[in-house]
Amino acid sequence: MPEMNYDKKLRGWTLSQADYADQLLVVTCQLCRTTHRYRPRDILKFRRDTSLARVRFRCEPCRSGDYINVKVQQLEGSDYGTLVVRKLVRVKTVQMPIWEDGTL
Ligand SMILES: [Zn+2]
């Protein structure tokens with residue numbers, strides 16, 4: 001069986017489509033081997049709908065986004081009540097000053 005081209009699949013699949021299809025995003029950091037599963041509807045609470053290839057993740061333990069691999073997992077009935085997912089607790093808004101040089 002040929003290897004599925006995940007990059008191509010992720011480009012043509014959006015967060016809302018994945019959510020509608022009962023899919024999770026499986027995000028693995030290949031540097032520290034940490035894997036988390038996210039529900040697309042949680043991500044849609046703080047960013048607009050976009051293709052899965054454009055959603056950027058950062059590894060929490062090693063703070064890097066350079067070694068992140070994203071895959072899609074189809075939910076099965078037996079996953080409910082057993083599969084561990086990252087649940088969105090709240091969205092924190094950070095105020096950040098933006099500076100530029102200008103004349104008086
Ligand atoms: Zn990591």
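How many bridges join β1 to β2? Five bridges join these two strands, which run antiparallel. The structure described here is a predicted model. Its three strands form an open sheet in the order β2-β1-β3, with antiparallel pairing.

- The edge strands are β2, covering residues 34–38, and β3, covering residues 68–74.
- Each of these edge strands pairs on one side only.
- In the order of the sheet, β1 stands between β2 and β3.
- From one strand to the next, the twist averages 25°.

**Strand β1 and its pairing with β3**

- Strand β1 comprises residues 23–29.
- Seven bridges connect β1 to β3, and the two strands run antiparallel.
- Within this pairing, L25 is placed opposite V72 of β3.
- V26 has K71 as its bridge partner in β3.

- The strands β1 and β2 form a hairpin, and four residues lie between them.
- In the turn of this hairpin, R33 has a positive phi of about 60°.
- T28 has T35 as its bridge partner in β2.
- L25 is placed opposite Y38 of β2, and L25 also stands opposite V72 in β3.

**Residue M96, after the sheet strands**

- M96 is located in the segment that follows β3.
- Is M96 buried or exposed? M96 counts as exposed because it has 4 C-beta neighbours inside 10 Å, and a residue is classed as exposed if 12 or fewer other C-beta atoms lie within 10 Å of its own.
- How far apart are M96 and Y67 in sequence and in space? The two residues are separated by 29 residues in sequence, and their C-alpha atoms are 27 Å apart in space.

Technical notes: Residues numbered from 1 in each chain as written. Predicted model: local features only at pLDDT ≥ 70, side-chain atom pairs only at ≥ 80, totals over all residues. Pairing = 2+ DSSP bridges. Axes fitted to C-alpha atoms, helices over the stretch in contact; angles between N-to-C directions. Buried ≥ 20, exposed ≤ 12 C-beta atoms within 10 Å, placed from the backbone.
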